[in-house]
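Please look over the chains and the way they pack.

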Amino acid sequence: MDTVIELKNVTYTYPLADEPSIKDMSIKIERGKFYGVIGENGAGKTTLCALIRGFAPSFYNGELKGEVLVEGKPTTEFGPGELSLKIGYVFQNPFTQISGVKDTLFEEVAYGLENFGVPVDEIEERVIEVMKMTDIYSLADKKPFELSGGQQQRAALASIIVLKPDILVIDEPTSQLDPEGTESVFKIIEQLKNEKKTIILVEHKVDMIAEYADEILVMKGGRLIRLGDKQEILTDMSLLDEGVQLPQMAILGERLIEAGIPLSRVPITERQAAEAIGQALQKARNS
Amino acid sequence: MWREKLQIHKSNWIAALHPSCKFLVVCLYSFCALLLASFKVGEGEYSLYTIAWFVIVPALAIGSGIIKRFWNAFTKVLLVAVVIIVVQSLLIPGGDTVAQLWILKVREEGLRSAIYLGFSVMNIAGIFVWFFQTTENKEISCALEDSGTNYKVTYVFISTLQMIEILGQNSKTIMNAQQARGVETQGNIVVRTRAFFASLVPLILGAITGTEERVLTLESKGFDVNCKKSRLFQIEKTGREKMVNTIAIAITVAIVGWRVALWIL
Amino acid sequence: MEKKYSIKKDFSMIAILIIPIAVAVNFVGGQLASLLKLPMYLDTIGTIFAAMLCGPWVGATAGVLTNVVTGIANPVNFAFIPVNLLVGLVTGYLARGNMFSVWWKWILSMFIMAIVSIASAAPIVVLVYGGVTGGGTSLITATAMAAGVNIWAAVIGTEGIFTVLDRIISFVISWLVIRVIPDRTLVKFGCGNLYIKKKKQEAPAEVK
């Protein structure tokens, strides 16, 4: 097992907060896997992301007990910018991710590469490639702050992907987007998955998680309450009592089984549901 | 080539001069204007040379091929200058009456002050208008960085210009929303002041929420990295900068020499 | 408990991002005030806000930058850079000195802010422009001058009342906004610890 990120007994408290936002958490994140982080509001999902990226405590200050290791080295020991090349971070709000100093989207996507001193010829090549991948190349000469939310979020992804980080932490990228925007963002995330990036995605749209993630992390009250394979976790109906949302297909499947329809397994995606129901119907017809 | 599209090419060589060269011209010109304004000419002791000196500003604007843009921007300066000249010449008593129209009298001292102040303002503000009308903000920030200015300074400068545009748009949206909600924008001063609050407070709040996230975004994009940054946009030199600098310095030295000679003799 | 301040720490990343907002707020405030035909400029709200939140030097920077930007459109504004610089400095130092905490200190502060503005603007108006700039109150000033009132008195008198009102409105708006900022965010600002509602025993966290 190739561990890229490890939390060892981590407890973290924001400044002025009465109690820790993360309580005694230990996990190992494996390279090349896609982790979906779920849990109710205030469960500590965003704080977990900030810890992994080192923003907590480097920016938020506060009190950190235990260790957060990225490739074996504590996040607190990385120099400025060093982690930026290892871990890409995409935020919730599309608008706040605009640099504020670029007139065109092309330059906006190139901004990080300029800061890291990448030669200009290489910048141009990489920016064009990433803009095509994220489907914003046709907007290259538009003003960044005049784009729609979905376009801005794709641009935010592009300007991080262009730095070629191995790990991506993506915090609720679609919460402010319409269905169309959500779809386009997940298309990009799927491509990142195919490139074998390590992805940590916080997402309320659990149907999307069911579709794309490998492993699921379930958080509650600052603690990790479940970690494991998505098939196993997203079909665990006891999680509903913990305030965790489960995929509609899983709930449908569970109801069907309760109603006496013998499904081979509880589905979590539409494709699985179609398969399972199809098989059950076939069996019923045959008998 | 995308990078090629981002560059600024100017057909007029004066306008295309490197910003640092143009800025030297602006500084020396302003200095000379003030120096010339201190020359008292003739019996009335008016600062007539500063009027003559002003010819250079429109000449530069025409030479740079931007006379229309220049004029549009310069009218604001002109308004101030005209107010100064009128007020000074009519309101300051002292000296003989130079001209009289009904009860309005222009006296010597008033006219002296009017010319001195009015043309100093026109000279200095005018040459700056020329500078800003021939130079884009992007070029200014680029030139600043080239001359060793910290990237944080240029970031603040450019980001400010963009933020003004963004908040300007947002304020229109908020004003419209407030009007739709029935916040009155007409009426007595209390009503209008209330409308001012109702528009501005949400505007500022909207602008500052997410500032933390913006800090972290910049950090994610390597804002703080200690390395030489590369830049897609580059300013070009025309090759005539040295010549222009030399001429500007030579003229300044000549005027200073003249002034010193007048003092000594 | 005393907090140590340093200019370098004042210009944290978050302060760097507040400056453009402050300048833009100055712009929009000024435009809105003239749109609503208010008899004040109200074009220093951003400067006052930045100074209250991030300290005198950040406030001063916002003030100077405002005039630099307006100067690009009309270079006459360059002459008033010192005025806005002082607005930022004075507000910032008053905030640090806890001069907004009690009502009588607050009223005193409003007058100090107004007096500094007038006192710094008056010499520029008189010496550079001979008393009249062509702005809103110029006509009153000019009439007063024509009536034989001393040029200094004319400039200061017309500006006085409205400047005090201007500062009060600007302060109240800044204060309303600051009250809404959560404590967790306030600690990130140079002077944010002054506005935290719930005081903790331990020292306020160091600002990056």
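The report below covers basis, chain contact, helix packing, domains and backbone.

## Basis

This is a predicted model, in which local features need pLDDT of at least 70 and side-chain atom pairs count only at pLDDT 80 or more, while totals for chains, interfaces and linings use all residues. Residues are numbered from 1 along each chain as its sequence is written, chains are lettered from A and ligands numbered from 1 in the order in which they are written, and side-chain values use heavy atoms, with hydrogens and water left out.

## Chain B against chain C

Chains B and C bury about 4600 Å² between them. Carbon and sulfur atoms carry 84% of that area. Buried area is the accessible area (1.4 Å probe) that two parts lose on being put together, summed over both. Chain B brings 52 residues to the contact and chain C brings 55. Contact here means heavy atoms within 4.5 Å. B:Phe196, B:Ile204 and B:Glu212 supply 13% of the area that chain B buries against chain C, more than any other three residues.

One helix pair spans the two chains. Helices (H or I, at least four residues) and strands (E, at least two) are DSSP runs, numbered from the N terminus. The axes of H8 (residues 151-180) of chain B and H4 (residues 56-73) of chain C come within 11 Å and cross at roughly 70°. Axes are lines fitted to C-alpha atoms, for helices over the stretch in contact, and angles run from 0 to 180 degrees between N-to-C directions. H8(B) and H4(C) are therefore roughly perpendicular to each other. Angles under 35 degrees count as roughly parallel, over 145 as roughly antiparallel, 65 to 115 as roughly perpendicular and the rest as oblique.

From H8(B), B:Val156, B:Phe157, B:Thr160, B:Leu161 and B:Ile164 meet C:Leu65, C:Val69 and C:Ile72 of H4(C). By class, this contact has 7 nonpolar, 1 polar and no charged residues. Ala, Val, Leu, Ile, Met, Phe, Trp, Tyr, Cys and Pro count as nonpolar, Asp, Glu, Lys and Arg as charged, and the others, Gly among them, as polar.

## A helix pair within chain B

Helix H2 (residues 19-37) and helix H6 (residues 108-134) of chain B have axes that come within 10 Å and cross at roughly 175°. That makes H2(B) roughly antiparallel to H6(B). Residues of H2(B) in the contact include B:Phe23, B:Val26 and B:Tyr29, and those of H6(B) include B:Ile124, B:Phe128 and B:Phe131. The contact residues divide into 14 nonpolar, 4 polar and 1 charged.

## Domains

Domain bounds come from an automatic or database domain assignment. Chain A has domain 1 (3-246) and domain 2 (247-287). Their C-alpha centres lie 33 Å apart. The contact takes 12 residues from domain 1 of chain A and 10 from domain 2. These two domains bury about 910 Å² between them, 63% of it on carbon and sulfur atoms.

Chain B has domain 1 (2-135 + 236-264) and domain 2 (143-220). The C-alpha centres of these chain B domains lie 35 Å apart.

## Backbone of chain A

A cis peptide bond joins A:Ala56 and A:Pro57, with omega about 5°. A:Pro57 lies in helix H2 (residues 55-58) of chain A.

A:Glu172 has phi near 45°, a positive value in a residue other than glycine. A:Glu172 sits in the loop between strand E7 (167-171) and helix H7 (179-194) of chain A.
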